[in-house]
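Visitor: Could you walk me through this one? I'd like to go over the strands and then the chain contact.

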Amino acid sequence: MVADSAQILPGTLDLLILKAVSLGPLHGYGILLRIGQISGQALLIEQGALYPALFRLVRQGLLKASWGTSENNRRAKFYELTAAGRKRLREEVEDWNRLATAIGSALAAQPEEV
Amino acid sequence: MKFVAYLHSVASKLLRRSETAAELEQELRSHIALRADDMERSGLSRDQAERRARIEFGAQEKVKEECHEALGGNLIEGLIHDVHISLRTLRKSPGFTTAAVLTLAVAIGANAVVFGALNALILRPLNVPQPHSLYVVGRANDNFGYESYPNYLDLRDRNRSFDGLAVNNFAEAALDSGDGPSRAWGYEASGNFFDVMQLQPYLGRFFHASDEHGPNSAPYIVLTFAYWHNHFKDDRGVVGRTIQLNKHPFTILGVAPPEFRGTFIAFSGDFFVPIVNQEQVDGESFLNVRGRRWVSEVIGHVKPGVTTAQAIADLNSIGAEIEKSYPKDVSQMTFGLSRPGVADVFGGAVRAFLTALMLLAGLILLAACANLGSLFAARAADRSREVALRMALGSSRRRILRTLFTEAILISLLGGALGLWGGVMLLRALNVWRPFPEFPINVPVNPDANVYVVALLLSLVSGFIFGAVPVRQVLRTNPYELIKQGSNVRAGRQITGRDLLLAAQITICAVLITSSLVAVRGLARSLRSNLGVDPRNAMLVDTDPSRAGYGGDGIATMQKRMMDAMAEIPGVTSVGLVGQYPPLHMGWNNTKVYTDQTADLRPANAATEVVNYSVSPEYFQAAGTALLSGRIFTWHDDKEAPRVAIVNREFAHRIFGSEASAIGSFYKIRNGTRIQVVGIVQDGKYTANLAEDPQAAMFLPILQSPSNEACLVIRSSLDPQQLGGAIRAKLRDLDSGMPAFIQTWTSEMNGAMFAPRMAALSLGVLGLLGAMLSITGIFGMAAYSVSKRLRELGIRVALGAQRWEVLQAALGSALKLLALGSAVGLILGILASRVLAYIVYQATSRDPFVLAGVVLAMAVMGLIATWLPARRALAIDPLSLLRED
C-alpha cells in the first residue's frame with residue numbers, strides 16, 4: 001500500500017478480486033492482503049477503490065456476502081464466489097492468458113522473424 | 001440470475017436505504033479496525049494505529065458515494081429525486097404552474113375530444129365480426145346507397161362476390177306494447193340481414209331468410225338492446241309476446257346484442273322488422289316498384305379472395321343486365337363500394353370536417369407549446385444564477401437539463417391528465433346529446449383505450465417540445481461570467497419570431513371573438529325577425545292517421561275531427577293543419593311550377609321552383625301568417641271545386657310580375673293541372689335555414705291535395721305543459737291508438753337553428769381556446785421581459801421612476817403587441833362576418849355591442865395575462881435587488 005507499487009491495469013481489479021476470493025471466503029481487508037500476498041506484493045490496491053468494486057460484483061451476482069467473525073474476533077463481511085462468479089473467473093483467466101500470450105509473443109518478435 | 005441479482009440490489013437499495021447505508025458504514029469501520037490491528041502488531045499504540053488506518057483509507061464519504069452508485073438503480077432513484085425537486089419548485093410558483101397546466105389541459109383536452117370523435121366515427125370499424133370485409137354497395141354515379149327492392153333482389157341472387165347481400169331501410173312506426181302507441185324508429189331489414197352480419201342474438205332469436213314468404217308474411221320484430229333495456233326493463237319474458245306496430249300485430253323474436261344498434265353509427269333505432277312487411281310499417285309498399293330507389297343500404301361481406309375491384313366488376317355486369325331488361329326504370333347502374341358506419345352520403349364531409357378539426361387541434365397544441373416554451377425560457381432566465389451556481393459546484397449540464405425536462409414533463413402530464421378528464425366528460429356528454437329531438441340521432445363517441453394512449457403521447461411529446469425551448473439558453477450558460485457580472489443580458493429590441501407568432505395568435509383570437517359575438521347577436525335577432533309565421537305560443541302535433549289503421553277518405557275525416565276536438569280546448573284560439581311539415585322544418589317539399597302559357601312541361605321549361613304546402617283554411621291564422629290580399633280557403637275548396645292556391649308575395653312577383661295581376665290568374669303544376677291564385681300572403685322563411693334567399697311558396701287546400709302525415713298547428717296562450725296534456729287527452733278520446741308527437745313550435749325550430757347555433761358555439765369554443773393561448777403567450781412574454789430587466793427596473797425605481805413608468809417599461813412591448821393584434825383581428829373579424837351571414841341569419845358586425853364586446857374581451861385578456869408580471873414589476877425593491885447582485 002505504498003505509492004511505488006505497480007499500477008494495476010484498468011479492468012483487472014475485478015479479476016484479481018474474483019481470484020482472491022476463489023481461494024476461500026474473505027473480508028474486504030483480507031482481499032487486499034491476499035492480492036498483495038499472491039502477487040508477491042507487486043500489485044497493491046488502493047483501499048478506497050476496493051469497496052465500490054465489491055458492491056458492483058455483488059450486484060452482478062458474481063459474489064455473495066455474509067457477516068461473520070474474523071480470525072482476530074472482529075465482525076466483518078465475508079465475500080465468496082457464486083456459481084456465476086466461478087464461471088466468470090474461468091472465462092476471465094482464459095481471456096487474460098490468451099491476451100498475455102499474444103502480447104508476450106508480439107513483444108518477443110525479432111527483426112529477422114518479420 | 002444476474003438480472004435477479006440486479007433487481008434485488010436495486011430494490012434493497014431503494015427500499016432499505018438506511019439499512020444499506022448502515023451496513024456499508026459498519027463494513028468500512030470493520031476494515032479500518034482490521035487494518036489498525038495489523039498496525040498495532042507492528043508496534044503502534046491503538047489510538048495511533050486507528051488514526052493512521054483512517055488517514056490511509058482516505059475520504060470515506062467518497063467511497064460510500066461510489067459504493068452507492070455501484071449498487072445500480074441510479075436512474076430510478078435520480079428520477080424520484082428530480083420529481084421531488086420539480087414538485088417543490090412548481091409549488092413555489094403557483095401562478096406559473098396553474099397557467100401552464102391549464103393551457104396544456106385545454107390544448108390536450110381539445111385534441112382528445114377531436115381524436116375521440118375521429119376514432120369513434122372514422123377509425124373504429126363497425127362492431128360486427130370481420131368488419132374489414134364488410135362493404136356498402138352504392139351507385140358510383142351519385143355516390144348514393146339507395147336502391148330499389150327488385151334491383152336488390154337481382155344483385156343478391158346473381159352476384160358471385162359476396163357472402164350474402166343484405167338490405168336495411170330506416171323506418172318510423174307507431175309502436176304499442178300495451179301502454180298506448182308511441183313513435184319508434186328502426187330498420188326494415190332483409191331476412192338474411194343478421195346472418196350476413198354474422199351476429200348472434202342477445203336474447204331469443206333473429207329472423208332469417210327462411211321466414212320470408214312474400215309481402216307481410218313475417219310479422220316479427222327484433223328489439224335493439226337499448227329499447228329493450230329502457231322500455232321493457234330488461235324483462236327476459238318479452239320474447240314471444242305480441243306488440244302492435246301501426247295497429248298490426250308483430251311477435252317479438254328476440255333482442256339484438258348491446259354492441260350492435262344497426263349499421264348507421266349515428267342512428268339509434270329501436271327495432272328491426274323484416275322488410276317484406278314494409279307495407280304495414282310504411283303504409284304503402286314499394287317492394288315491387290323497380291324504379292323507386294328507397295332502400296337505404298345494401299351491405300355485405302366480400303368473399304375471401306375476392307378483391308373489391310372484382311366485386312365491383314361483378315356488380316356492374318349485373319347492373320348492365322338489369323338496365324337492358326328494364327330500360328324505362330333503371331339507368332346508370334354502375335357501382336362503388338364504401339365502408340359502413342357514417343352514412344356514405346355524409347362520409348366524405350364528416351371525414352373532411354373531422355380531419356380539419358384534428359389539424360386545427362394539433363396547431364392549437366403546437367401554439368400552446370410555443371407559448372409554454374417562452375414561459376419556460378423566462379423561468380430559466382430567472383434561475384440562471386441558480387443554474388450557474390450548481391454548475392460551478394460541479395453539477396453536470398446533463399443533470400441540470402434533466403431537472404428542466406422533468407419539470408416540463410410533470411407539467412405536461414398534469415395538464416394532459418386534466419385535459420383528458422375534461423375531454424372524456426365532454427365526450428360522454430356528446431354521447432347522450434340528441435341534436436334533433438324528433439330524430440333518434442346521436443353521436444356515439446365513447447372514449448376507448450386509443451384516446452387515452454393518444455392523450456398520453458401528446459402530453460409527453462408536448463412536454464419535450466416546450467421543455468426543449470430553454471435548452472440552448474442553459475447550454476450557453478457560463479457559470480463564471482454569470483456569477484461575476486449577474487444577468488445583465490440586454491433586453492432585445494429586435495422583433496423575434498416568437499413575437500410574430502404571438503401577434504398572430506392574438507389576431508386570430510380577436511377574429512374568433514368578433515365572429516362569435518356577431519353570430520350570437522345574429523342568433524338572438526333572428527328569433528325576433530320576420531319569419532312569415534309566428535312560432536311563439538304555437539304547438540305542433542305531428543300525426544298520421546294511416547299509422548292507426550285509417551285509409552282513403554277516413555284520413556281526411558279523422559284530420560277534421562282532430563282539428564275540431566283541439567278547437568274545443570279552452571284557451572285555444574285557432575287550430576290549423578299543414579300537410580307533412582310546417583315551415584322551418586328540417587324536411588320540406590319543393591316542386592316546379594309553370595306559367596299558364598307553357599305547353600311542354602319538361603323540368604327545363606319550369607318558371608320557378610317553389611316550396612309547397614297543403615293547408616286547412618284555418619292554417620294561416622293558426623300559424624300567424626298574414627293575408628295581404630284576396631281570400632283564404634274555405635272547406636268548400638274540395639275535390640269537386642275548381643283548383644285554387646294561395647301564394648306568397650315572392651311567388652306573385654316571380655310569375656305574374658305584381659300582386660295585383662296575380663289574383664285571379666292561373667299557373668300550372670307538373671301534372672298540367674291549372675291552378676287559380678285566390679290569395680296572397682306575406683313572405684317568410686320555409687326551409688331549415690333562416691339565412692335562405694327569399695323563396696316562392698304556394699299553399700294548396702288540404703282537401704284538394706291530401707296528405708296522410710300532417711301537423712296540427714294549435715295557437716294558444718296556455719302553458720305548453722298544460723296544453724300538451726289537454727291535447728293528449730283529446731286524442732285519446734278520439735282514438736287511443738293514434739300516435740302523435742307533440743312539441744312547441746319553438747323547440748321544433750331547433751332544427752332550423754342548428755347550423756347557426758353550431759356556428760356560434762364552435763366559434764365561441766375556438767375563441768376561448770384562442771383567448772387561452774393568447775393569455776399564456778402574453779403572460780410568457782411579459783414575465784420574460786420583467787425577469788430579464790429586473791435590475792434595470794430596480795435602478796429606475798431607485799432613481800425615482802413612477803409606478804406607471806415602471807409598468808410601461810416592463811410591459812410596454814407586450815401590451816403594444818396586444819393592441820396591434822386586437823385591432824387587426826377586429827378588422828379581419830368584421831370582414832369575416834360577411835361569410836358568416838350565409839349561415840347565421842342577420843349576422844352583422846355593424847353593431848356597437850359587438851365592437852364594445854371585442855374591445856372589452858381583449859382588455860380583460862390583457863389584464864389577466866399581465867397581472868402577475870405587473871405585480872412583480874411593481875414589487876421590485878431596489879435595495880434587495882442591488883444587494884443580491
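Visitor: How do strand β6 (residues 242–245) of chain B and β7(B) pair, parallel or antiparallel?
Guide: They pair in the antiparallel sense, over 4 bridges. Keep in mind that this is a predicted model.

Visitor: Ok, and what stands opposite Q244(B) in β7(B)?
Guide: That's P249(B).

Visitor: How many residues sit between the strands in that hairpin of β6(B) and β7(B)?
Guide: There are 2 residues between the strands, and N246(B) takes a positive phi near 50° in this hairpin.

Visitor: Now strand β5 (residues 220–223) of chain B: which way does β5 run against β7(B)?
Guide: Those two run parallel, joined by 4 bridges. V222(B), for example, stands opposite G254(B) in β7(B).

Visitor: And what is the bridge partner of G204(B) in β7(B)?
Guide: G254(B) again. Strand β4 (residues 203–204) of chain B is antiparallel to strand β7 (residues 248–255) of chain B, with 2 bridges joining them.

Visitor: Switching topic. How many residues does each chain put into the contact?
Guide: Chain B puts in 22 residues and chain A 20 residues.

Visitor: Which helices of chain B supply at least two residues each to the side that touches chain A?
Guide: α1 (2–15), α2 (17–41), α3 (46–57) and α4 (60–70) of chain B do.

Visitor: Which element gives the most there?
Guide: α2(B), with 7 residues on the side of chain B that touches chain A.

Visitor: What's the split into nonpolar, polar and charged on that side of chain B?
Guide: The residues touching chain A divide into 10 nonpolar, 5 polar and 7 charged.

How values were computed. Residues numbered from 1 in each chain as written. Chains lettered and ligands numbered in written order. Predicted model: local features only at pLDDT ≥ 70, side-chain atom pairs only at ≥ 80, totals over all residues. Pairing = 2+ DSSP bridges. Contact = placed C-beta atoms within 7 Å. Nonpolar A, V, L, I, M, F, W, Y, C, P; charged D, E, K, R; others polar.
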